[in-house]
Every structure is written in C-alpha cells, then in structure tokens.
Amino acid sequence: MSQTDAAALYVILLGPPGAGKGTQAVQTAAATGLLHLSTGDMFREHLRNGTDLGNLAKTYMDRGELVPDDVTISMLLERIARSDAQAGCLFDGFPRTVEQAQALDDALSAQDDEIAVTVLIDVSNDEITRRLGGRVSCADCGSVFHNIFNPPDESSPCCDNVNMIQRDDDKPEAIANRLQVYADQTEPLVAYYSNAGKLSTVNGEQPPAAVGDDLLEALQAVSS
Ligand code: ADP
Ligand code: ADP
Ligand code: ZN
C-alpha cells in the first residue's frame with residue numbers, strides 16, 4: 001500500500017432527501033479538503049450538458065425514483081478512479097441501495113482501501129418535508145438555500161432572490177415518493193453499515209453549524 005493509499009479517507013453522508021447532506025458536504029469539504037462527490041449533482045450536470053445519461057436520469061429523477069443501479073454505479077466508479085479522488089472523498093447521495101454499497105466496497109477493496117465511516121444525518125419526516133418544500137438553488141452557481149431557514153443573500157451579485165430556482169423533484173408529489181423510496185431502498189444501508197461497525201449518527205435537527213461540528217467530530221474519530 002502506498003502512502004497516498006494509507007492516508008485516503010472515504011466517508012459517506014447518509015440520510016433522507018433534505019436531511020442536509022449537500023449543505024454539510026460543501027462545508028465539510030471546505031474544512032477538510034476532502035473531495036465532495038454528489039451523484040445527484042453529477043446527474044444534473046449531465047442533464048445541463050444534454051448527454052444521453054442526463055436525459056435518461058431525468059426520467060427517473062422527475063418521478064422521485066432512483067436511477068438504475070448499473071448506470072449509477074458505473075458513473076460513480078469511473079469518477080472515483082480519477083486522480084483527484086485518490087486521497088479519498090465525501091460521498092453525498094451515494095450509495096442509495098445495498099447493491100451500490102456492495103459495488104463501492106468491492107471497488108475500494110480492490111485498491112486496498114475501505115469506507116472509514118458512514119455518517120447518518122438523522123432528521124424526522126416532518127422536518128424533511130419543511131426543508132424540501134423551501135429548498136431553492138442559485139441558477140448561476142448552484143448554491144443551495146432555503147426560503148425560510150437559510151434565505152438567499154440579497155446583497156450578493158450572484159445568489160439573490162431573482163436567481164433562485166426550485167428543483168422539479170422538490171414539488172410536493174415527488175417529495176412524498178422520494179421519502180417512500182428512501183424508506184424502501186436506502187434505509188437498509190443503516191443496518192448494512194452498522195453491521196460493518198461503520199455507522200455514526202448525528203442529530204440533523206440542529207442549526208447547520210452544530211450539525212457540521214458533530215460531523216467533524218465523527219470524522220476525527222476515524223482519521224486520527
Ligand atoms: P436529495 O438532495 O434530495 O437527496 P439528490 O440530489 O441526491 O437528492 O438526488 C436527486 C435524484 O437523483 C434522486 O431522487 C435520484 O433520482 C437521483 N440519484 C441521485 N443519486 C442517486 C443514486 N446514488 N442512485 C440512484 N439515483 C440517484
Ligand atoms: P440533502 O442534500 O440531504 O437533500 P440539502 O443540503 O439540500 O439536503 O438541504 C435541504 C434543504 O434544507 C435546503 O433548503 C437547505 O438550505 C436546508 N437545510 C440544510 N441543513 C439545514 C439545517 N440544519 N437546518 C435547517 N435547514 C437546513
Ligand atoms: Zn449564486
């Protein structure tokens with residue numbers, strides 16, 4: 001094992017849609033230097049670029065369903081094989097099925113690495129509905145805000161109110177379906193990582209900075 005491999009830190013942020021994974025991943029990546037990898041962001045970028053993968057993903061995303069495992073896994077494995085991911089990364093929104101988790105474990109063990117910890121951001125369904133219902137993002141830079149909990153900055157030249165858009169899958173019909181999909185397909189990962197001795201849970205119903213502090217503590221426990 002090379003020195004780079006020994007230092008690699010692979011961390012998963014797990015939690016229902018709207019738990020705050022993206023918000024925390026951006027902060028934690030800035031604080032630790034870890035690469036932030038969001039499969040949702042990757043699919044949305046493909047869609048903006050008009051690729052076949054983007055158009056395929058959209059048909060699932062709009063309904064609040066998961067993009068099939070085979071395409072999701074191959075996109076993610078291709079991404080983590082690149083040089084900028086060799087020091088590790090922070091997974092946001094992946095894995096979402098046991099099959100994806102197994103594929104990730106296999107790929108990392110093939111390079112003598114492994115997941116260091118999976119941090120579950122624990123938030124109730126009522127709070128999730130409030131968070132997703134008010135989620136908006138900047139059409140220019142993609143920064144995520146909330147109409148009430150984290151309003152856009154009126155003085156910013158980029159992220160002002162006029163620039164805010166709502167995701168198609170944050171409309172009420174899609175939200176209900178996504179919560180069901182989470183319960184059916186993604187929640188089994190809590191037991192998967194807990195059985196592997198790799199689960200740490202943080203209370204997601206605190207202000208973002210307090211969630212971030214708990215998250216950093218969980219990372220420090222495995223990286224020291
Ligand atoms: P959220 O922030 O609400 O959790 P994401 O941006 O992570 O949503 O994902 C948006 C959508 O992209 C999902 O509802 C799903 O359709 C698709 N998607 C993202 N990641 C995955 C994945 N790992 N497996 C399958 N589908 C995914
Ligand atoms: P996820 O990536 O898990 O889907 P996001 O990070 O996009 O979640 O957060 C969902 C919404 O909730 C966003 O509008 C975000 O601004 C807001 N949010 C995130 N963390 C918190 C928090 N700790 N308290 C209140 N609102 C939050
Ligand atoms: Zn912006």
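Predicted model: local features only at pLDDT ≥ 70, side-chain atom pairs only at ≥ 80, totals over all residues.
In this model, a polar backbone atom of Gly22 sits 2.8 Å from an oxygen atom of ligand 2. Residues are numbered from 1 along each chain as its sequence is written, chains are lettered from A and ligands numbered from 1 in the order in which they are written, and side-chain values use heavy atoms, with hydrogens and water left out.

**Ligand 2**

- Taken alone, ligand 2 exposes 570 Å², and the protein buries 92% of that; accessible areas come from the Shrake-Rupley method with a 1.4 Å probe, and for residues only the protein chains shown count as cover.
- Helix α2 (21-32) and strand β6 (144-146) are the elements that give two or more residues to this shell; helices (H or I, at least four residues) and strands (E, at least two) are DSSP runs, numbered from the N terminus.
- The shell around ligand 2 holds 19 residues, and Gly18, Lys21, Thr23, Arg135 and Phe145 are the closest; a residue is near a molecule or strand if one of its heavy atoms lies within 4 Å of it.
- By type, the shell around ligand 2 has eight nonpolar, eight polar and three charged residues; Ala, Val, Leu, Ile, Met, Phe, Trp, Tyr, Cys and Pro count as nonpolar, Asp, Glu, Lys and Arg as charged, and the others, Gly among them, as polar.

**From Arg135 to Asp170**

- The side chain of Arg135 also makes a polar contact with the side chain of Asp170, at 2.8 Å; a polar contact is a pair of N or O atoms within 3.5 Å, and within protein one must be able to donate a hydrogen and the other to accept it, while residues adjacent in sequence count only if both atoms are side-chain atoms.
- Asp170 belongs to the loop between β7 (164-165) and α8 (172-186).
- With a relative accessible area of 1%, Asp170 is buried; buried means under 20% relative accessible area, exposed over 50%, and partly exposed in between (1.4 Å probe, protein chains only).

**Ligand 1**

- Thr39, Arg44, Glu65, Gln100 and Arg178 come nearest among the 19 residues around ligand 1.
- An N or O atom in the side chain of Thr39 is 2.8 Å from a nitrogen atom of ligand 1, and a backbone N or O atom of Gly93 lies 3.0 Å from a nitrogen atom of this ligand.
- Arg167 brings an N or O atom of its side chain to 3.1 Å from an oxygen atom of ligand 1.
- On its own ligand 1 exposes 560 Å², of which the protein buries 96%.
- Helix α3 (residues 39-48) supplies the largest share of the shell around ligand 1, with four residues.
- Six nonpolar, five polar and eight charged residues make up the shell around ligand 1.

**The zinc site**

- Cys138, Cys141, Cys158 and Cys159 coordinate the zinc ion (ligand 3) through their SG atoms, at 2.3 to 2.4 Å; donors are N, O and S atoms within 2.8 Å of the metal (3.2 Å for Na, K and Ca), and water is not among the atoms, so sites may look incomplete.
- The site is tetrahedral, with angles of 97 to 125 degrees among its four donor atoms; four donors count as tetrahedral if all angles lie between 85 and 135 degrees.
- Along the sequence, the donor residues are spaced C-x2-C-x16-C-C.
- Cys138 is buried at 3% relative accessibility, whereas Cys141 is partly exposed at 44%.

**Backbone points to check**

- Most residues other than glycine have a negative phi, and most peptide bonds are trans.
- The peptide bond from Phe94 to Pro95 is cis, with omega near -5 degrees, and Pro95 lies in the loop between β3 (88-92) and α6 (98-110).
- Asp112 has a positive phi, near 60 degrees; Asp112 is in the loop between α6 and β4 (115-122) and is partly exposed at 48%.

**Two further residues**

- Val123, in the loop between β4 and α7 (125-133), is buried at 9% relative accessibility, and its C-alpha atom is 8.9 Å from that of Gly20, 103 residues away along the chain.
- Asp214 is part of helix α10 (residues 208-223) and is partly exposed at 28%.

Technical notes:
Tetrahedral: all angles 85-135°; square planar, octahedral: opposite > 155°, others 65-115°.
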